[in-house]
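Hi everyone, thanks for making time.

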Amino acid sequence: MIINALLMTLIAYLSGSICSAILISRLWGLPDPRSEGSNNPGATNVYRLGGKVPAAFVLVFDVLKGTIPVWAAYFLKIEPNWLGIIAVAACVGHIFPVFFNFKGGKGVATALGAMLPIGASLVGMLICTWLVVAWISGYSSLAAIITAILAPIYTHFVKPVYTVPVAMLAILIVVRHRENIWRLLNGTESKIRQKKR
């Protein structure tokens, strides 16, 4: 069991390390999202740089990077705490991708994908929370931070056994957004539709 868990953790990290924002930006002929816009290789920045279609591809791919290894581990009957470690590994791969000089994104979509096997109701609540906060504030980062903070609470009411694994993901996401938090406090954070020139 431990060998399977360790193997899935490695697979999750390598899966997370495939940076779809960079690959799809290259395919679309867009600037490198690590050096343009918000300098973050994620779906929101690709949306700023190239529009809805490439951003949608990035979003779907990033979600699947979290879903596939966690779902596989679930069917291997790996215990919940290890599922949390595997989910975190996928996000760490996205944040520090071995294939792209360890410079990756925030891990939000990958974390969402990792929580997808818990249940559609949880994911629905998370997506609704993100959409409402993003619509009201205009900030993707603020929506991600608030959604991450609420995720363990939602999970406690949906499937309590996964509360700790989801809390692990939430802490990772919030810590990853520490620079965004400072920019939000300083009033210098980029909004979703804002394009840096």
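So, what volume does the largest cavity have? It comes to about 110 Å³. Before I go on, a word on the ground rules: this is a predicted model, where local features need pLDDT of at least 70, side-chain atom pairs count only at pLDDT 80 or more, and totals for chains, interfaces and linings use all residues. Residues are numbered from 1 along each chain as its sequence is written, and side-chain values use heavy atoms, with hydrogens and water left out.

Now, what do I mean by a cavity? On a 1 Å grid over the protein atoms alone, it's a set of points where a 1.4 Å probe fits but cannot get out, and lining residues have an atom within 4 Å of a point. Points are joined across faces, edges and corners, and the volume is the space filled by probe spheres set on them.

Helices here are DSSP runs (H or I, at least four residues), numbered from the N terminus. By type, the lining divides into twelve nonpolar residues, one polar and one charged.

Six of its eight residues are buried, so H6 is largely enclosed by the rest of the structure. Buried means under 20% relative accessible area and exposed means over 50%, with partly exposed in between (1.4 Å probe, protein chains only). The buried ones are Ala109, Thr110, Ala111, Gly113, Ala114 and Met115, and they pack against H4, H5, H7, H8 and H9. On the H4 side, look at Asp62: at 3% relative accessibility, Asp62 is buried. Leaving aside neighbours within four places in sequence, Asp62 is in contact (heavy atoms within 4.5 Å) with Ser20, His94, Ala109 and Thr110. Over in H7 there's Val123, buried at 9%. Val123 touches Leu112, Met115 and Leu116, again not counting residues up to four places away.

Next, the packing. A nonpolar core is a set of buried Ala, Val, Leu, Ile, Met, Phe, Trp, Tyr and Cys residues joined through side-chain atoms within 4.5 Å. The largest one has 30 residues, and Ile78, Ile86, Met115 and Leu169 touch the most other members. H5 gives the most to this core, with eight residues. Apart from it lies another core, of nine residues, among them Ala21, Ile22, Val58 and Phe100.

For contrast, is Ile2 buried or exposed? Ile2, in helix H1, is exposed, with a relative accessible area of 54%.

Cys91 is in none, and the nearest cysteine sulfur, that of Cys19, is 13 Å away. Cys91 is also buried, at a relative accessible area of 0%. That's me done, so over to you.

Technical notes:
1 Å grid on protein atoms, 1.4 Å probe; cavity = no way out; pocket = protein on both sides within 12 Å on 5 of 7 lines; lining within 4 Å. Nonpolar A, V, L, I, M, F, W, Y, C, P; charged D, E, K, R; others polar. Disulfide = S-S within 2.5 Å. Helix = DSSP H or I, 4+ residues; strand = E, 2+ residues; numbered from the N terminus.
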